Amino acid sequence: MECACLHLFFSYFFISACRNPLECYLLELQRLAMKLLGFIAEALKVELKEIEEMFDDGFQSVRMTNYPPCPQPELAIGFRPHSDGAGITILNQVNGVDGLQIKKDGVWIPMKFIPDALVVNVGDILEILSNGVYKSVEHRVTTNPEKERISVAFFVCPKLEAEVGPVTSLISPQNPPLFRRTGMEKYCKDFFSRKLHAKSFLETMKIESTEEATQLHGSR
Ligand SMILES: O=C(O)CCC(=O)C(=O)O
């Protein structure tokens with residue numbers, strides 16, 4: 001009896017939390033994102049709370065893209081080259097049609113679709129907070145002459161009240177900050193006021209000189 005009550009109790013919460021499949025899917029992605037960020041904190045040897053504080057109750061967005069078949073794929077691009085402004089992006093290539101390419105050492109490399117797998121892209125904020133240890137990935141999408149392509153990208157970002165900048169414990173006189181600090185709200189405004197183009201926004205966040213780095217490091 002007790003067990004049935006508990007079951008009903010949890011079912012109620014499960015059902016109300018999963019009012020529709022999209023909401024349920026996004027909740028699961030959010031959980032996955034926090035797990036991935038935990039592994040990233042471990043790899044960076046920084047305290048989990050330094051990352052969690054930024055991303056807990058974070059700002060998230062979803063972009064669903066439909067790429068119709070294109071009779072002349074050599075003349076059109078599906079999605080122009082860019083890096084994501086997010087911390088990480090979890091990408092679902094919903095109908096399994098290839099097209100995603102990443103740039104490595106100046107060369108575009110096609111990403112083979114792997115069934116039942118999600119793609120995780122490193123975004124600009126992860127490059128900033130890791131002080132350049134993780135590099136955000138420049139990517140683009142090509143068009144397909146016969147098949148339509150559908151993707152759902154889930155962008156995981158810090159909360160709007162957070163500061164975006166290299167994690168403090170990673171910075172030292174031997175490892176000066178490579179990027180400026182800014183509020184997440186301003187970061188978003190600046191990011192969205194520019195045209196998506198390669199990694200051009202991240203360039204604007206870079207510290208230009210050792211003097212500037214020393215000044216910023218000294219002022220903390
Ligand atoms: O459609 C894709 O595979 C990638 C989409 C993308 O890069 C984006 O939404 O920023």
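**Strand pairing in the predicted model**

Leu100 has Val141 in strand 7 as its bridge partner. Strands here are DSSP runs of E with at least two residues, and helices are runs of H or I with at least four, both numbered from the N terminus. The model is predicted: local features need pLDDT of at least 70, side-chain atom pairs count only at pLDDT 80 or more, and totals for chains, interfaces and linings use all residues. Residues are numbered from 1 along each chain as its sequence is written.

Strand 4 (residues 100–104) pairs with strand 7 in the antiparallel sense over three bridges; two strands pair if DSSP finds at least two bridges between them. Strand 2 (residues 77–82) is also antiparallel to strand 7, again over three bridges, and Ile77 stands opposite Thr142. Within strand 7 (residues 139–142), His139 and Val141 point to one face and are buried (20 or more other C-beta atoms within 10 Å of the residue's own, with C-beta atoms placed from the backbone).

An open sheet of four strands has the order 1-8-3-6, with antiparallel pairing. Its edge strands, strand 1 (60–67) and strand 6 (119–122), each pair on one side only. Strand 1 is joined to strand 8 (residues 149–156) by eight bridges, and Ser61 has Phe155 as its bridge partner in strand 8. Helix 2 (residues 21–44) packs on the sheet, touching strand 1, strand 3 (88–93), strand 6 and strand 8; contact requires C-beta atoms, placed from the backbone, within 7 Å.

Methods. A residue is buried if 20 or more other C-beta atoms lie within 10 Å of its own, exposed if 12 or fewer, and partly exposed in between; C-beta atoms are placed from the backbone. Two residues are in contact if their C-beta atoms, placed from the backbone, lie within 7 Å. Axes are lines fitted to C-alpha atoms, for helices over the stretch in contact, and angles run from 0 to 180 degrees between N-to-C directions.
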